[in-house]
Amino acid sequence: MAAGKANVQDSQRAHATARRLRAGLAIVMVLLVILGARLFQLQGLDTAGMAQAAVDKRLRTSEIPALRGEILDANNTVLARSVQRFDIVVDQRLVEDFERFNPKTKRLEQVKIDGEIKKLAGILGQDVETVTKAVVGDLPFNYVAKSVTPDIQEKVENLAFPGLQSRETTTRSYPMGQVAGSIVGFLGSDGSPLEGIEATQQDLLAGTSGERTFEIGADGIRIPVATNEETPAEDGQSVRLTLNSDLQWYAQEAIAAQVKEYGAEYGTIVAMNAKTGDIIALADSETVDPNDPGATKDGMRQSLAATRAFEPGSTTKMITMAAAIEEGITTPTTKYKIPPKYTVNNQTFTDALPHGTETRTTAGIFAKSLNTGTVMIGEQLTRQQRYDYLRRFGIGEQYDIGIPGTTPGLLAAPEQWDGRQEFTVLFGQGLAQTALHTAAAYATIANGGVRMEPRLIDAYIDPDGTEHEVPRAEGSRAVSNETADQVQDMLETMANQGGGLPGKVEDYRMGAKTGTAEAPSDDGGFSGYTISYAGIAPMEDPEYVVVATIQRPKGGVFSLTAGPVFKKVMGQVLSTYNVPPSDTKPVKLPLE
Amino acid sequence: MSATARQARPATETYVHGSTAQVLEGNHAQPKPAQTRRTPLALVPSGPARRRVPFAVFCFAVLVAALGSVLMLNISVSGGQYEIVQLRGEQVALAQQNEKLTQELENRQAPQNLAAEAAELGMVVSPSVGSIDLEEMKVNGKPQAAQEKDGSAPKQQVERPELPAEVPAIRPEAKTPAEPVQKEKPAAAQDNEPAPAAEKKPAGEQKAVEFSEAELNGGTIPAPKQKTGQ
């Protein structure tokens with residue numbers, strides 16, 4: 001019986017133990033379930049968005065700057081380019097005497113900061129006080145030197161100066177300096193373009209910057225296996241101009257020397273290819289150097305040849321003659337009796353050099369640049385015709401060649417011309433145009449009467465080298481081919497017998513016209529003169545136009561001429577393009 | 001029955017115990033033994049053991065091989081990384097040298113510099129031009145030999161551009177070094193710079209990269225440098 005009881009007790013104990021075990025197991029299971037649920041809530045549901053917050057803290061986006069496009073001349077010589085430079089910055093709080101391991105002595109050595117500052121100053125080429133002021137202090141960030149070449153940056157890095165760092169940057173370099181400076185333009189100190197092609201072509205030159213997204217740990221080291229997205233930068237396109245930089249330089253030199261000799265206000269030279277409209281040179285006597293734009297006065301940083309309008313004077317007589325010949329009013333050999341003073345509609349006109357009554361042909365009137373004769377011929381054109389032909393030759397046209405500041409000049413509507421102006425426009429007073437307009441007008445005659453649009457930008461080049469040439473606009477016909485031939489003959493006569501002799505280029509047949517205009521002064525009236533010389537060559541098949549203009553030269557206007565500078569530049573143009581010297585005799589129309 | 005058991009009992013006893021065999025009629029002289037004796041337990045030597053040594057050796061060998069291959073992989077990767085650092089350093093140095101030479105070339109190509117150098121060499125502008133007609137085998141135009149004083153060189157109205165800055169852009173006379181940058185060097189520096197630069201160029205710059213003492217820190221390979229954001 002006792003055994004039975006013991007058995008029952010045993011089994012009861014066994015049951016109790018088993019129950020306790022089960023209870024314990026149940027509790028543990030419940031805890032596990034709670035834990036699992038919490039885990040799922042934190043990791044799976046993530047209602048507090050902590051995973052995202054952590055990623056956001058680690059994520060960095062940095063910009064990959066795009067390389068700015070280059071600006072090239074017609075022969076792909078670089079006029080503007082971005083180059084790598086470094087800014088040297090310092091954390092001044094870290095600059096102090098420090099310890100360094102000397103590999104030679106295999107020992108730690110104390111290094112005084114003054115010696116290191118002297119070395120740094122030597123590398124940077126600055127004096128020690130400037131460097132000390134930059135480096136010593138409490139600022140966490142200070143510039144020591146800006147835009148340093150990679151050479152110097154490497155030397156600075158090797159110095160292992162405490163707290164010194166270099167940051168990569170780019171700077172725009174203009175290897176040719178002042179040559180074509182005003183056309184290429186320049187950037188401001190913040191890198192935004194201010195003038196010239198740099199400004200007008202900004203969208204294409206700048207490209208699109210890329211983006212790099214990566215994760216960085218708390219110690220500042222990039223996490224290699226985490227997010228690594230990269231949108232590559234699209235570099236900017238390069239712009240090729242039609243300028244020939246050698247001729248551009250030559251023209252700049254020549255006109256600067258001439259302006260200095262004459263003590264003039266400024267001078268310009270425009271050289272164009274008449275058949276294509278390409279601008280070969282657009283030179284001013286004073287040009288900005290894009291590497292240092294501040295050195296040039298404000299107002300002189302643009303291309304004067306394309307932005308300064310002036311009264312052209314006698315060079316416009318070519319347009320009057322072309323119009324008269326086209327309308328059948330006259331021919332180059334028609335004779336006229338020219339009085340010393342010519343009056344029409346109560347307006348009296350005289351010539352620069354007084355003369356008695358003389359008989360002259362149209363060619364002679366043109367060669368001697370007689371105002372009286374020109375008015376006699378031109379008055380037979382109606383006002384509207386005079387206006388139309390001026391417009392056909394491009395006067396009053398806005399030439400958008402790709403630089404800012406171009407102006408159409410001033411050509412009033414024919415109804416607004418007053419009694420005197422309607423005649424003075426025949427010889428180029430009472431209207432205003434730039435030197436570029438004069439060149440385009442003479443290019444029209446050189447090109448057989450078809451006016452080509454002046455063209456400065458030749459092509460756009462992708463970063464991979466694909467060229468996209470800017471298509472040439474269709475030319476517009478101003479006068480017929482025969483008229484143009486006759487006007488060319490008159491121009492050649494002028495160059496060989498008339499006032500064009502000072503600019504006659506030896507060994508070549510060429511045509512030219514001089515111009516002397518009174519320059520309007522700011523307060524009404526006139527002060528000083530504008531002398532110009534426009535010429536085309538070679539006359540067998542005219543291709544090149546050069547126009548030289550000098551504003552307000554000092555001295556007797558009848559002794560001063562823009563001929564010599566024209567001669568130099570045209571000679572250089574012809575020889576650059578391998579034009580063979582003429583072997584035919586020049587045309588010489590009768591002058592009387 | 002074992003041998004020892006046999007030795008324990010007399011040979012003549014013929015009794016069995018623990019079986020259901022019939023008790024034979026016969027000799028009832030001896031009474032039944034009071035208790036049957038159990039044979040004392042004795043160790044039975046086991047049979048020939050199965051061989052497991054090759055398997056253990058094999059496992060060990062696999063372990064060693066795995067560790068060894070991981071080690072070799074690590075070594076080669078590390079070695080490769082050092083090579084990458086060195087080559088990258090070379091690449092950067094070469095690119096920078098290329099850039100520097102290109103900029104110097106462009107500077108020398110500038111027409112103002114060419115004209116000035118030509119004038120210094122004694123060249124003159126030719127006073128006239130002629131052209132050779134190969135078809136007719138004659139010379140057109142009236143070319144004349146250039147004289148020493150003939151055709152003067154242009155008088156350098158257009159300024160010569162300077163070599164890319166070899167001194168940084170902060171002018172020494174600036175009040176604070178953090179002033180906006182002027183990109184031209186002081187004129188005095190320009191006269192000295194082109195000459196030493198020209199001499200430096202051909203001299204020792206053939207080798208692509210050389211690490212400085214500070215970088216090497218007594219060793220032969222520089223430590224890889226960490227640049228932010230790369």
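This is a predicted model: local features need pLDDT of at least 70, side-chain atom pairs count only at pLDDT 80 or more; totals for chains, interfaces and linings use all residues.
Local features need pLDDT of at least 70 and side-chain atom pairs count only at pLDDT 80 or more, while totals for chains, interfaces and linings use all residues. Residues are numbered from 1 along each chain as its sequence is written, and chains are lettered from A and ligands numbered from 1 in the order in which they are written.

**View 1**

**View 2. An open sheet in chain A.** Five strands line up as S12-S11-S23-S22-S21 (chain A), with antiparallel pairing. Strands are DSSP runs of E, at least two residues long; helices are runs of H or I, at least four; both are numbered from the N terminus. Two strands pair if DSSP finds at least two bridges between them. At the edges are S12 (279-284) and S21 (511-520) of chain A, each pairing on one side only. From one strand to the next, the twist averages 10°. Axes are lines fitted to C-alpha atoms, for helices over the stretch in contact, and angles run from 0 to 180 degrees between N-to-C directions.

**View 3. Strands S22 and S23 of chain A.** S22 (residues 526-537) and S23 (residues 544-551) of chain A are antiparallel partners over 8 bridges. Ile536(A) stands opposite Val545(A) of S23(A).

**View 4. Helix H18 across the strands of chain A.** H18 (residues 563-576) of chain A lies across S11 (266-273), S12, S22 and S23 of chain A. Its direction is at about 150° to S23(A). Contact means C-beta atoms, placed from the backbone, within 7 Å.

**View 5. The elements of chain B.** Chain B has 6 helices and 2 strands. From the N terminus, they run α-α-α-β-β-α-α-α. Of its 230 residues, 10% are buried. A residue is buried if 20 or more other C-beta atoms lie within 10 Å of its own, exposed if 12 or fewer, and partly exposed in between, with C-beta atoms placed from the backbone.

**View 6. Helix H2 of chain B.** H2 (residues 53-109) of chain B has 57 residues. It reaches 82 Å from first C-alpha to last, close to the expected 84 Å, which is 1.5 Å times one less than its number of residues.

How values were computed: Two residues are in contact if their C-beta atoms, placed from the backbone, lie within 7 Å.
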